[in-house]
Amino acid sequence: METPPETESLPPPRAASRPGDLVVARPEGLYCPPGDFYIDPWRPVDRAVITHGHSDHARWGHNHYLAHEQGEGILRARLGADITLQTLPYGQAIEHHGVRISLHPAGHVLGSAQVRLEHGGQVWVASGDYKTEPDGTCTPFEPVRCDCFITESTFGLPIYRWPTQPELFAQIDDWWRRNAEEGRASVLLGYAFGKAQRMLHGVDASIGPIVVHGAVEPLNAVYRAAGVPLPPTLRVTDPGVDAAMLRRALVVAPPSAQGTPWMRRFGANASDAFASGWMLLRGTRRRRGVDRGFVMSDHADWPGLHNAIAATGAERVMVTHGSVAVMVRWLRENGLDAQAFATEYGDEDIADAPEAADKPAAQAPPPVDSPQAALGPDAAEAPATHDEQGDQAQGPAAP
């Protein structure tokens, strides 16, 4: 099929609700009228179905949360241990006001889910964020047949095509191994929830010791508790961690650590790298000012998006965020009824996207993987930046 141009010249057609629609756009978020609940709302509501724990999707202040059981640890750590949270395993359905609700694997991060809604002879699926290639740290994406599919489009341009898992980690391992042989620490920057654990799971831990930032280790604990195998990790403050060890180490840290005093522990000759889907763009690599860029995203690439949409069998598609105009145009030219839902969702690496370089971060309380959250002596040294604005979404409001 013919691919669209890599520019968005016209705004996409906005979705106008139709009688009987199972999901409509409201100021609070995506709303299910017959069920009287929201999916990933960005303003406080009574009942919210949450697709995953990144806080552009999981916000504080709802009275009742429904999410996948593997996301419970993340949600309670980020939103409060006392939130009213109901969990479900994948595939188990419940009914609410006559709407049959079930959660299905999205392959994005631990506990991420697509939301299937069935009511009045219709089936709709809201994907949240998703990735189609399995990575070993969360249940792989499963397409769900439906009449209408609500899809993200974070990387919805033809240029975005990810390397395979083996290709990606061969590159990272080669870089780390070469640095270790030269006596240089390898500092790998990536988002603290999801991406950091994916990096840890995929690297060859026999190359050397692995050190993690204080913002990463609490999230590692959640993954380990869920049964995800991660190699042993250390903090720089742990006994036995000395300069000689650090010269062979892989150091996994959030982007906010870049340029902070915490980084000085690894020496002036440390090699740094950034892992993000945006690293496919050379201009972004230059702007980050790192030695290497590794193309790694927890979102579907261009082929993945289209394969996922086709696998649903949906004739109607709603596109929520990212390269919306291009995706809507491409889908319409290929015979689908496609429109756009305006949302407040973003990518966890959105500050690295070229068009977002100067956008301010949303105001929010410190998330659990923010350095301000006092997660340890090494965490306190790295001030938060809008590199993680996708997880600094909304502040508390009493439930």
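Aspartate 36 counts as partly exposed, because its relative accessibility is 43%, a value between the 20% and 50% cut-offs. Keep in mind as you explore that this is a predicted model. Aspartate 36 sits in the loop that runs between strand E2 (29–32) and strand E3 (37–39). Its phi is near 55°, which is a positive value in a residue other than glycine. Most residues other than glycine have a negative phi.

Histidine 97 is another residue to look up. Its phi is also positive, at about 55°, although histidine 97 is not a glycine. You will find histidine 97 in the loop between strand E7 (93–96) and strand E8 (99–105). Is histidine 97 buried or exposed? Histidine 97 is exposed, because its relative accessible area of 53% is over 50%.

## A serine in a loop

Now move along to serine 206, in the loop between helix H3 (195–202) and strand E13 (210–212). Serine 206 has a relative accessible area of 63%, so it counts as exposed. Its side chain makes a polar contact of 2.6 Å with the side chain of aspartate 204.

What separation lies between the C-alpha atoms of serine 206 and arginine 177? These atoms are 9.7 Å apart, while the two residues are 29 residues apart along the chain.

## Cysteines

How many disulfides does the structure hold? The number is 0. A disulfide is a covalent bond between the sulfur atoms of two cysteines.

Cysteine 32 is buried, because its relative accessibility is 1%, under the 20% cut-off. Cysteine 138 is buried as well, with a relative accessible area of 12%.

## Spaces inside the protein

There are 3 cavities of 30 Å³ or more. The largest cavity has a volume of about 70 Å³, and 13 residues line it. Nearest its centre lie Leu30, Gly128, Ile150, Thr320 and Tyr345. Strand E11 (148–153) and strand E17 (316–322) are the elements that each give two or more residues to this lining. By class, the lining of the largest cavity has 5 nonpolar, 6 polar and 2 charged residues.

The second largest cavity holds about 50 Å³ of space. Among the residues that line it are Ile50, Thr51, His52 and Gly53, and the list also includes Leu110 and Gly111. Which classes make up this lining? The lining of the second largest cavity has 4 nonpolar and 6 polar residues, with no charged ones.

Notes: Residues numbered from 1 in each chain as written. Predicted model: local features only at pLDDT ≥ 70, side-chain atom pairs only at ≥ 80, totals over all residues. Heavy atoms only, no water. Disulfide = S-S within 2.5 Å. Buried < 20%, exposed > 50% of the residue type's maximum accessible area, 1.4 Å probe, protein only. 1 Å grid on protein atoms, 1.4 Å probe; cavity = no way out; pocket = protein on both sides within 12 Å on 5 of 7 lines; lining within 4 Å. Points joined across faces, edges and corners; volume = space filled by probe spheres on them. Helix = DSSP H or I, 4+ residues; strand = E, 2+ residues; numbered from the N terminus. Nonpolar A, V, L, I, M, F, W, Y, C, P; charged D, E, K, R; others polar. Polar contact = N/O pair within 3.5 Å; in protein donor to acceptor, adjacent residues only side chain to side chain.
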